[in-house]
Amino acid sequence: MNVYLPIAEMSVNIFVLLGLGGITGILSGMFGVGGGFLMTPLLMFIGIPPSVSVATAANQIIASSVSGFLAHWRRDNVDFKMGWFLLSGGVIGSTLGVELFRWLKALGHIDLIISVSYVTFLGIIGAMMAGESIRSILKIARKSAPAETKPPLAARLPFKVEFPKSKLTISAIMPVMIGFLIGIMVSLMGIGGGFFLIPAMIYVLGMPTAVVIGTSLFQIIFITANVTFLQAITTQTVDILLALLLLTGSVVGAQFGSKLGAKLPAEYLRALLAAIVLAVALKLAFGLFTPPDDIYSVSFVDD
């Protein structure tokens, strides 16, 4: 049973799209991630144009982020003051990122940039996660004294601001800059940015882990909403029908994923996620160096 996607301008089996949504939902439930870093490459694998994949995946992240944010808000695990600083940089970064996206699309380079960005990003993140999880598994039986920690980088810069919820007094420069980078990543790659943002909030800003995820989801909601709105009016690459089908599958898959994730140790979950990330990066890298079936193509470039 095929469904025609008006923005992607192609027909795709509806069960394939529901299945992709289900897969990312399961991963989201298991690992606590939005799934955008996998959804975009998976859409590209089935032939959806990269530009449409990025914009539509960003749209889908909004719903999953709202659900997660509300859960953390009810537990009082959100630092709204920190979230507003991150968001201020994120809005600027995402707005500039959409303009960069539009410019690259007009030049005809956007598909290549998206693929290269994903190979680089997923390769680095996957390797780091694999190394960390392997070390954790090898040392799981050993108990060592905690290492002496230095103050986070953000505490050693000027323009300090107090964040009572996180019990921090740090420079306002770092949250704004981190938000700016996340905004660009969301615009160009269609991801929520949690893989970059959460470690940065812990190790660079020094935030307590309890409030990191809720605060991250708070700013991601508004940044992805900004990206979706700007992509819809400037590049017309948001396919609402595609987003609805993916979201339907992911909502169901997330329920199963949360149950599966509760049965596996955290170290093995991280190792499994690292393996998936590296596999996707290798598949995209293979596609970059594989000659196309048809060397010549006809395309239209926006004026």
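How many helices and strands does the protein have? There are 10 helices and 4 strands, and the model you are looking at is a predicted one. The views below take you through it piece by piece.

**View 1. The whole protein, from one end of the chain to the other.** Starting at the N terminus, the elements follow the order β-β-α-α-α-α-α-β-β-α-α-α-α-α. Of the 303 residues, 47% count as buried. The protein exposes about 15600 Å², and carbon and sulfur atoms supply 69% of that area.

View 2. Go back to Met-207 for a moment: leaving aside residues up to four places away in sequence, Met-207 touches Asp-79, Met-82, Ser-166, Leu-168, Met-201, Ile-202, Val-212 and Thr-215.

**View 3. Val-212, a buried residue of helix H8.** Val-212 belongs to helix H8. Is Val-212 buried or exposed? With a relative accessible area of 1%, Val-212 is buried. Its partners, not counting residues up to four places away in sequence, are Ile-198, Met-201, Ile-202 and Met-207. Ala-200 is 12 residues from Val-212 along the chain, and their C-alpha atoms are separated by 9.8 Å.

**View 4. Helix H8 from end to end.** At 1.5 Å a residue, the 26 residues of H8 should span 38 Å; the C-alpha atoms at its ends are 37 Å apart, so the two values agree. After H8 comes Gln-236, with a positive phi near 50°.

View 5. How many aromatic pairs does a search of the whole structure find? The search finds 6. One of them joins Phe-80 and Phe-218 edge-to-face, at 5.2 Å centre to centre and with 80° between the planes. Phe-80 lies in helix H4 (residues 80-107) and Phe-218 in helix H8 (residues 209-234), so this pair ties together parts that are 138 residues apart in sequence. Phe-80 is partly exposed, at 29% relative accessible area, whereas Phe-218 is buried, at 4%.

View 6. Why are Phe-218 and Phe-222 separated by about one helical turn? Because they are 4 residues apart in helix H8. Phe-222 is partly exposed, with 38% relative accessibility.

**View 7. Lys-81 over the ring of Phe-163.** Lys-81 lies over the face of Phe-163, at 5.6 Å from the ring centre.

**View 8. Lys-167, a loop residue with a positive phi.** Where is Lys-167 found? Look in the loop between strand E3 (160-163) and strand E4 (168-171). Most residues other than glycine have a negative phi. Lys-167, however, has a positive value, near 55°. Lys-167 counts as exposed, because its relative accessibility is 78% and the cut-off for exposed is over 50%.

Note on methods. Residues numbered from 1 in each chain as written. Predicted model: local features only at pLDDT ≥ 70, side-chain atom pairs only at ≥ 80, totals over all residues. Heavy atoms only, no water. Contact = heavy atoms within 4.5 Å. Helix = DSSP H or I, 4+ residues; strand = E, 2+ residues; numbered from the N terminus. Buried < 20%, exposed > 50% of the residue type's maximum accessible area, 1.4 Å probe, protein only. Phe/Tyr/Trp six-rings, centres within 6.5 Å; stacked < 30°, edge-to-face > 60°. Lys NZ or Arg CZ within 6 Å of the ring centre and 35° of its normal. Expected span 1.5 Å × (residues − 1). Areas by Shrake-Rupley, 256 points an atom, 1.4 Å probe, with all protein chains shown as cover.
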